[in-house]
Amino acid sequence: MSTILVNTLTGTTTAGSIAVTGEGNSTTTNLQQGLTKAFIIAESDATDIGSFNISGTTDNGTGDYTYNLTNNMNDNKAVVNANCSQNNDAVAYNNSRATDDYHIKLEENGSAVDRRVSSAAHGDLA
């Protein structure tokens with residue numbers, strides 16, 4: 001087994017684009033496209049307990065949170081995934097389309113609830 005130690009990877013054709021051969025050697029994935037661009041784990045009062053590319057959080061009311069991005073997304077087409085803990089019946093969903101933040105709402109049986117939330121944004125950074 002060999003170990004490669006590097007600080008920077010740069011594509012030869014396009015600096016920010018590196019193809020990675022997938023399982024079975026039959027497909028490739030763009031490394032840059034496959035990376036999570038932002039994530040957060042936050043308490044029910046919007047307190048950040050772990051994050052990446054999140055500059056701040058706003059508690060907009062019960063079950064309603066906005067997460068501000070340190071580095072903006074390129075456009076408003078980012079895919080945001082979210083889930084909440086403490087109750088399997090609660091659902092989380094992205095409630096906005098912006099480049100500088102994303103907005104999560106939590107509901108249980110149609111009513112807003114406060115829960116710990118985990119979310120991640122995928123897409124192109126500006």
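The legends below describe close-up views of a predicted model.

**View 1. Strand β3 and its two faces.**
In a regular strand the side chains alternate between the two faces of the sheet. In β3, Ala38, Ile40 and Ala42 make up the covered face, while Phe39 and Ile41 make up the uncovered one.

**View 2. The partners of strand β3.**
Strand β3 pairs with β11, which covers residues 117-122, in the antiparallel sense over 5 bridges. Within this pairing, Ala42 has Val117 of β11 as its bridge partner. Strand β3 also pairs with β4, again in the antiparallel sense, over 4 bridges. Here Ile41 stands opposite Gly50 in β4.

Most residues other than glycine have a negative phi. Ala46, however, has a positive phi, near 75 degrees. Ala46 counts as buried because its relative accessibility is 5%.

Asn109 is found in the loop between β9 (101-108) and β10 (111-112). Its phi is near 55 degrees, a positive value in a residue other than glycine. With a relative accessible area of 69%, Asn109 is exposed.

**View 3. The salt bridge between Glu43 and Arg116.**
Side chains of opposite charge can pair when their charged atoms come close. The model contains 2 salt bridges. In one of them, Glu43 is joined to Arg116, and the closest N and O atoms are 2.5 Å apart. This pair links distant parts of the chain, since Glu43 lies in the loop between β3 and β4 and Arg116 in the loop between β10 and β11, 73 residues apart. Glu43 is partly exposed, with a relative accessible area of 25%, and Arg116 is also partly exposed, at 33%.

**View 4. The salt bridge between Arg115 and Glu108.**
Arg115 forms a salt bridge with Glu108, with 2.4 Å between the closest N and O atoms. Arg115 counts as buried because its relative accessibility is 16%, which is under the limit of 20%. Glu108 likewise counts as buried, at 15%.

**View 5. Aromatic rings.**
The model has 3 aromatic pairs. Phe39 and Phe52 form a stacked pair, with 6.1 Å from centre to centre and 25 degrees between the planes. These two residues belong to distant parts of the chain, Phe39 to strand β3 and Phe52 to strand β4, 13 residues apart. Phe52 counts as partly exposed because its relative accessibility is 44%. The rings of Tyr65 and Tyr67 have their centres 6.4 Å apart and their planes at 25 degrees, so this pair is stacked as well. Tyr65 is buried, with a relative accessible area of 0%, and Tyr67 is also buried, at 0%. Ring pairs link Tyr65, Tyr67 and Tyr102 into a cluster.

**View 6. A nonpolar patch on the surface.**
The patch is formed by Ile4, Val6, Leu9, Val20, Leu31 and Leu35, which together have about 560 Å² of accessible area. One of these residues, Val20, is found in strand β1, which covers residues 19-21. Val20 counts as partly exposed because its relative accessibility is 37%.

Technical notes:
Residues are numbered from 1 along each chain as its sequence is written. This is a predicted model: local features need pLDDT of at least 70, side-chain atom pairs count only at pLDDT 80 or more; totals for chains, interfaces and linings use all residues. Side-chain values use heavy atoms; hydrogens and water are left out. Patches are made of residues with over 30% relative accessible area and no salt bridge: like charges are joined within 9 Å, nonpolar side chains (Val, Leu, Ile, Met, Phe, Trp, Tyr) within 5 Å. Accessible areas come from the Shrake-Rupley method with a 1.4 Å probe; for residues, only the protein chains shown count as cover. A salt bridge is a side-chain nitrogen of Lys or Arg within 4 Å of a carboxyl oxygen of Asp or Glu. Buried means under 20% relative accessible area, exposed over 50%, partly exposed in between (1.4 Å probe, protein chains only). Two strands pair if DSSP finds at least two bridges between them. Rings of Phe, Tyr and Trp (its six-membered ring) pair if their centres lie within 6.5 Å; planes under 30 degrees apart count as stacked, over 60 as edge-to-face and the rest as tilted.
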